[in-house]
Amino acid sequence: MSRLRIYNATIVTPEGRNALKGSEMTTGVKRVPDAEIVIEDGVITAIGPSRGNLGDSADIDAKGRVVVPGFVDSHTHPVFGGWRPEEFGWRLRGDSYMSIMNRGGGIVSTMRATREATEEVLRAKTLALLDRAATMGVTTMEAKSGYGLDLDSELLQLQVIASLSADPSTPVTLTSTFLGAHAVPPEWAGNPDGYIDYIISDVLPRVKEKGLAESVDIFCEEGVFSVEQSRRLLKAAREMGFTLKIHADEIVTTGGAELAAELGALSADHLLHASDAGIDALARSGVVATLLPLTAFTLREPFARARQMIDSGCAVALATDLNPGSCCSGSIPLTFALACIYMNMSIEEAITAMTLNGAAAIGRADTIGSIEVGKRGDIVMLDADTPDFLPYFTGMNIVAMTVNGGRVVYDNRAAKIVIK
Ligand code: NIG
Ligand code: FE
């Protein structure tokens with residue numbers, strides 16, 4: 001049996017097995033000083049007052065540091081060929097994300113590079129991103145396909161996720177989302193309806209049969225896939241037993257948030273331009289509003305209205321959107337900073353959004369997202385005695401140790417910047 005005991009810890013965690021909504025995102029967060037956590041065979045089996053040093057050299061002295069649940073990055077696109085730094089330069093000079101996409105760049109440019117890449121190259125590149133995420137406290141990451149845009153290349157991307165997921169040395173637990181409807185590929189140019197039909201008839205059944213994804217997502221956006229096309233695909237996916245996610249109201253208001261509520265999606269993501277009615281629909285339905293501040297920041301778009309969403313009773317999650325185009329960042333420190341500084345979220349709300357609500361956004365709130373007996377032993381130790389350091393250490397990593405399922409996957413306690 002494997003066993004890990006962390007003592008002299010200050011536990012800061014949301015509690016529960018469902019997303020926390022509205023004011024619960026603050027009131028549901030518990031702070032327990034002088035505590036210890038026991039993890040056995042990957043699962044938290046005891047939490048109680050710290051008994052201090054019991055002479056077992058395998059035990060870890062947190063020295064009063066804060067421990068929070070492992071961060072859940074519930075929206076990423078980490079499997080892709082190539083990079084797109086030239087587009088970043090174009091955007092700095094005034095080009096828009098959609099104008100680059102409309103002239104054949106953007107997602108389709110990464111599609112070309114991904115179709116040319118081998119499985120080994122895609123795997124190595126993705127693993128490098130996961131290694132980096134683990135240093136920032138990410139213990140679970142939702143990974144989307146969406147750069148293959150045909151049967152074989154989409155399956156290959158999902159296969160890379162499955163292969164990393166099956167490897168016990170991978171530092172981050174993965175969940176897999178099929179995003180074949182990320183853009184209209186050149187073979188279907190001018191015929192988005194035909195491409196949606198193809199996905200429904202030829203691709204989704206194969207993804208299901210091979211067990212390669214649990215969720216299906218779509219880029220519901222003006223000039224990409226309409227609300228009607230999104231509804232058609234997502235309803236078909238739901239009938240096949242997939243859970244649903246939507247890139248909604250990212251660039252313009254389309255009603256993607258309302259669609260997510262109508263279909264009972266796990267989450268509606270981005271929401272920079274969600275309408276008041278869309279926000280109300282999310283609050284009433286309990287669909288998690290997944291906000292991606294790094295994307296708004298890098299695209300110089302307005303931030304999503306997190307304050308209004310939480311005050312309306314929504315369950316808000318935060319994620320990075322890590323991808324080679326709109327947001328080439330998986331920075332958890334910067335996500336915390338932007339959420340608190342620009343989106344007016346409190347530190348408790350941001351922690352809930354990055355842990356339990358992120359878990360709910362991928363259908364995992366019953367097993368991860370909080371430090372509670374029975375949940376998986378996914379823990380982040382901060383080099384700090386207060387969680388205020390998460391946004392205060394602005395854009396800089398304050399993680400001292402990351403524990404995934406009771407296994408230490410990153411240890412930087414020797415840095416001793418704050419806690420000596
Ligand atoms: O979430 N908007 C659609 N998908 C990604 C961007 C993907 C890309 O630019 O490669 C997003 O922003
Ligand atoms: Fe995205």
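1. Helix α13 (residues 332–341) supplies three residues to the lining of the second largest cavity, the largest share from any one source. This is a predicted model, and the points below should be read as describing that model.

2. The second largest cavity has a volume of about 40 Å³. Its lining is made up of F71, M136, I332, P333, F336, L390, M396, N397, I398 and V399. By class, nine of these lining residues are nonpolar, one is polar and none is charged.

3. How many cavities of 30 Å³ or more does a search of the whole structure find? The search finds two. The largest cavity holds about 90 Å³ of space. It is lined by 13 residues, and those closest to its centre are H77, Y97, H182, N323 and S326.

4. The lining of the second largest cavity, by contrast, has no charged residue and one polar residue beside its nine nonpolar ones.

5. On helix packing, two packed helices are described by the angle between their axes and the distance between the axes.

6. Helix α6 (residues 151–166) and helix α7 (residues 192–210) have axes that come within 11 Å and cross at roughly 30 degrees. An angle under 35 degrees counts as roughly parallel, so α6 is roughly parallel to α7. The crossing of these two helices is right-handed.

7. Which residues of α6 meet α7? They are L151, L155 and L158, and on the α7 side the partners are Y198, D202, V203, R206, V207 and K210. Sorted by class, the contact of α6 with α7 contains six nonpolar and three charged residues, with no polar ones.

8. α7 also packs with helix α8 (residues 227–239), at an angle of about 5 degrees and with the axes 10 Å apart. α7 and α8 are therefore roughly parallel to each other. From α7, the contact uses P192, D193, I196, D197, I199, I200 and L204, while α8 brings Q229, R232, L233, A236 and A237. The class count for the contact of α7 with α8 is eight nonpolar, one polar and three charged residues.

9. The last pair is helix α9 (residues 256–263) and helix α10 (residues 276–285), whose axes come within 8 Å and cross at roughly 20 degrees. These two helices are therefore roughly parallel to each other. The crossing of α9 and α10 is left-handed.

10. In that pair, A257, E258, A260 and A261 of α9 make contact with α10 through A277, G278, A281, L282 and S285. The contact of α9 with α10 comprises six nonpolar residues, two polar residues and one charged residue.

11. For a check against the displayed model, two places to begin are the centre of the largest cavity, with H77, Y97, H182, N323 and S326 closest to it, and α7, which meets α6 through residues including Y198 and V203 and α8 through residues including I196 and L204.

Notes. Residues are numbered from 1 along each chain as its sequence is written. Chains are lettered from A and ligands numbered from 1 in the order in which they are written. This is a predicted model: local features need pLDDT of at least 70, side-chain atom pairs count only at pLDDT 80 or more; totals for chains, interfaces and linings use all residues. Side-chain values use heavy atoms; hydrogens and water are left out. Axes are lines fitted to C-alpha atoms, for helices over the stretch in contact, and angles run from 0 to 180 degrees between N-to-C directions. Helices (H or I, at least four residues) and strands (E, at least two) are DSSP runs, numbered from the N terminus. Angles under 35 degrees count as roughly parallel, over 145 as roughly antiparallel, 65 to 115 as roughly perpendicular and the rest as oblique. A crossing is left-handed if the near helix is turned anticlockwise from the far one by less than a right angle, and right-handed if clockwise. Contact means heavy atoms within 4.5 Å. Ala, Val, Leu, Ile, Met, Phe, Trp, Tyr, Cys and Pro count as nonpolar, Asp, Glu, Lys and Arg as charged, and the others, Gly among them, as polar. On a 1 Å grid over the protein atoms alone, a cavity is a set of points where a 1.4 Å probe fits but cannot get out, and a pocket is an open set with protein on both sides within 12 Å along at least five of seven lines; lining residues have an atom within 4 Å of a point. Grid points are joined across faces, edges and corners, and a volume is the space filled by probe spheres set on the points.
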